[in-house]
Amino acid sequence: MTTAPTAELATAATRSDGLVIDLHHVAKTYRGRIRALCGIDMQVRRSEVFGLLGPNGAGKSTLVKILMTVIRPTECRGTMLGEPIGHKPTLARVGYLPEHHRFPPYLTGAQVVDFYGALAGAPRAHMRRRTGELLELVGMKDWARKKVGSYSKGMRQRVGIAQALVNSPDVVLLDEPTDGVDPVGRRDIREIVQRLRSEGRTVFINSHLLSELEMVCDRVAILVQGRVVQQGTIDELTADKRRYEIELAAEPEAAATYFQRALPEAIRHGEHAVLPPPAGEEGATAAPPTHSPMARRVGYHGQLATGEWLEIDHATLRIGSTEPATIQPIIDALRERGAVIRSIRQHRPSLEDLFMQAVTDPNTGETLKPGADRARKERGR
Amino acid sequence: MMLRQTAALFVDAYRELNSRKLFWITLVLSGLVVASFAAVGIDKQGLTILWFRLDFIPLNSDILPPSLLYKTMFLNLGLGIWLTWIAAILALITTAGMIPDLIAGGSVEMMLSKPISRVRLFLTKYAAGLLFVTLQVGVFSVASFGVIGIRGGEWEPALLLAIPLVVAFFSFLFCVCVLLGLLTRSTIASLLLTLLFWFFIFLLNATDAALVQWRSMAEAQRDALVRQVAQAEDNTRQLLITERRSLGEELPEDYHATEEEIAGVNPFLKGLRDKRDSAEKTATQAAKWSGIIFAAKTVVPKTGETVALLERTLVSMAELDALMSGQDKPKRTTVNEQTAEVSVSEYDVSIRATEILRDRSVAWILGTSFAFEAVVLALSCFIFARRDF
């Protein structure tokens with residue numbers, strides 16, 4: 001009876017090597033029916049900036065609150081900084097900025113940092129110097145003696161970041177850190193995050209501002225309806241969707257002819273496919289091929305002799321490769337046949353593309369509704 | 001680290017009080033109450049307020065020594081009305097928001113995410129919540145101590161017992177307020193429900209006081225009647241023997257007249273006995289009801305009695321006796337033998353009532369009240385520790 005848990009702990013410790021947060025099957029069910037989290041597995045490595053993204057109600061804040069012992073998980077196997085989740089003393093090494101935080105309005109900025117520093121167990125000796133440094137770091141030095149009640153939202157956010165760093169934490173969890181912050185403030189926060197990473201600290205950011213995350217995160221996880229649907233570096237997650245796009249300055253019909261002549265082998269063996277309508281023409285329905293194999297609204301899938309996929313959409317040719325060498329012969333072939341190239345660009349899906357793909361139901365093509373996984377549980381009954 | 005966290009929570013509680021106008025208003029009012037004590041004076045000629053003499057109040061330092069005057073004022077006005085009534089309500093208004101504020105979204109995450117256990121956080125916040133009353137009663141008692149020393153000529157350190165007693169009194173209400181704050185998450189709801197609970201205790205106390213008064217009166221009547229009946233029987237018996245002996249009848253030394261004989265001689269005795277029996281029934285009834293309320297009070301906090309403990313310490317039974325003897329009123333309950341009418345002495349009843357109340361042990365008063373507080377706090381801690389915020 002006693003050997004199993006010991007063995008499990010030992011395994012957990014091994015697994016936790018190099019991992020600051022190592023979660024296995026974290027679940028939270030409210031009132032027995034609303035499943036906010038349905039078994040999260042997530043690993044955050046040392047000295048990385050990890051972004052957790054997801055639509056409203058996906059469970060991002062619930063997960064962070066479980067890590068910070070604000071919410072008790074229904075089920076949780078995992079560690080933070082090598083200690084089990086829920087281990088209070090570990091929190092002395094963790095900094096946290098909650099979403100919609102509220103500081104006592106009667107405290108000044110400096111007192112807020114001092115107060116939460118004291119609660120976090122930061123030693124008194126270096127607190128005074130540290131408070132000054134942090135307020136300067138977040139650009140609030142001139143406001144240090146003013147009451148928090150008189151601060152704007154962005155200023156409270158800056159002080160919030162200062163208090164999250166007061167105990168020199170090994171890991172910092174920031175829940176929507178740029179919420180209500182102006183563009184200058186966002187850049188400042190980004191710089192602070194990068195500085196924390198360079199100091200060897202781990203930063204866990206929870207946000208739905210995808211462009212912000214894209215700029216700072218090493219790795220991301222996408223949470224949808226209480227489940228991690230994707231996890232990894234942005235490069236890893238976008239690897240199979242990166243491509244070159246060659247656009248011709250021609251009508252689709254004429255462009256199709258150029259492509260067919262330039263790449264006769266690939267196009268002969270390819271297949272017609274219905275592609276979604278181009279951007280800006282929402283509602284336009286895809287029509288089946290009629291008089292031409294590459295008519296308007298009709299896509300074409302094929303494969304190059306070297307193995308890369310290709311796709312024709314109107315006057316654009318997409319090639320599934322990021323290697324410049326791959327497209328050179330294609331450019332030559334097109335140019336030889338007199339085609340005028342309007343643009344050639346390397347396309348890498350943005351975090352937003354990844355996100356939209358994650359929150360789109362592949363069967364219906366509709367985006368998933370916000371909120372927890374209520375229906376699924378009910379169906380499961 | 002533990003000490004540092006506790007200190008930080010207390011400093012935060014002080015800063016919060018400091019930021020509230022009501023705290024300072026209460027403190028200023030406290031100062032005014034103490035100043036008004038100091039303005040009252042008593043000498044052989046009578047009472048004075050500042051330089052005005054109050055000739056219409058028949059009191060002087062012979063009837064009421066200065067120290068007793070100030071102590072009575074401190075107990076009745078300072079403690080009885082100001083601290084445990086008005087200031088307590090102001091304290092509740094000020095501190096009722098503490099738990100709803102603590103558990104409000106955005107604030108609770110900041111506190112719970114720190115390396116401090118929920119139970120310790122909750123209990124420290126609770127203790128810090130008592131800071132308002134501690135500071136108020138502290139300032140008030142120390143100032144009163146000075147006034148009684150300077151104006152009354154008696155330095156009475158026991159007066160400072162008011163600090164722990166009033167804090168204990170307030171904590172009995174505050175623990176309920178905290179539990180309600182946790183359950184309702186609303187300052188106004190917890191405040192109103194606490195006041196309702198206080199009103200319930202007040203009703204229970206008022207019922208208790210009325211029943212104790214009734215019981216004292218019934219017992220005073222019963223005792224007077226028992227005494228009167230015994231005396232009447234004795235007198236009648238003596239009269240009967242003397243009369244029969246004077247008629248030349250030989251009666252043994254240990255002769256005991258029968259009931260019929262006595263009743264035949266004293267026509268009032270039957271009425272007296274009936275009245276005594278009914279008084280005994282009433283006294284038993286009063287003792288029974290008083291006992292039921294006493295039992296009910298065992299499970300609720302004794303707010304009134306806790307504060308009254310100070311009166312026990314400050315004013316001895318002998319002093320109270322002396323104070324009441326100064327008044328020109330009958331001291332014993334008497335019975336008119338012929339009409340069987342009882343004239344109840346207020347003094348007798350009030351001494352009996354005071355004795356009944358003072359017979360309630362400190363252990364019962366404080367022990368059961370603290371037990372109530374412990375149960376309410378344990379329940380609050382349980383809820384606070386298990387809830388998801």
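Strands β9 (residues 219-224) and β10 (residues 227-233) of chain A run antiparallel, joined by six bridges. Helices (H or I, at least four residues) and strands (E, at least two) are DSSP runs, numbered from the N terminus. Two strands count as paired if DSSP finds at least two bridges between them. A:Leu223 has A:Val228 of β10(A) as its bridge partner. Two residues lie between the strands of this hairpin, and A:Gln225 takes a positive phi near 45°.

This is a predicted model: local features need pLDDT of at least 70, side-chain atom pairs count only at pLDDT 80 or more, and totals for chains, interfaces and linings use all residues. Residues are numbered from 1 along each chain as its sequence is written, while chains are lettered from A and ligands numbered from 1 in the order in which they are written.

Strand β3 (residues 49-53) of chain A runs parallel to β8 (residues 202-206) of chain A, with four bridges between them. There, A:Val49 is partnered by A:Val203 in β8(A).

## Confidence and domains in chain A

The pLDDT is the predictor's confidence in each residue, from 0 to 100. Chain A averages 83, and 84% of its residues score at least 70. Among its elements, strand β6 (residues 94-97) has the highest mean pLDDT (96) and helix α1 (residues 3-15) the lowest (41). Over residues 1-16 of chain A the pLDDT is below 50, and this stretch has five contacts beyond near neighbours in sequence. A contact means that the C-beta atoms of two residues, placed from the backbone, lie within 7 Å. Where pLDDT is low, the predicted coordinates should not be read in detail.

An automatic or database assignment sets the domain bounds. Chain A has domain 1 (13-235) and domain 2 (243-277 + 286-346). Their centres, taken over C-alpha atoms, are 46 Å apart.

## Where chain A meets chain B

Here 25 residues of chain A contact 23 residues of chain B. Helix α3 (residues 109-119) of chain A gives the most to chain A's side, with four residues.

## Inside chain B

Chain B has an open, antiparallel sheet of three strands in the order β1-β2-β3. Its edge strands are β1 (40-42) and β3 (52-54) of chain B. Strand β2 (residues 47-49) of chain B pairs with β3(B) over three bridges, and B:Leu47 stands opposite B:Leu54.

Helix α12 (residues 303-314) of chain B is mostly covered, with nine of its twelve residues buried. Buried means 20 or more other C-beta atoms within 10 Å of the residue's own; exposed means 12 or fewer, and partly exposed lies in between, with C-beta atoms placed from the backbone. The buried residues of α12(B) include B:Val307 and B:Leu314. They pack against α3 (66-95), α8 (162-184), α9 (187-246) and α15 (362-386) of chain B.
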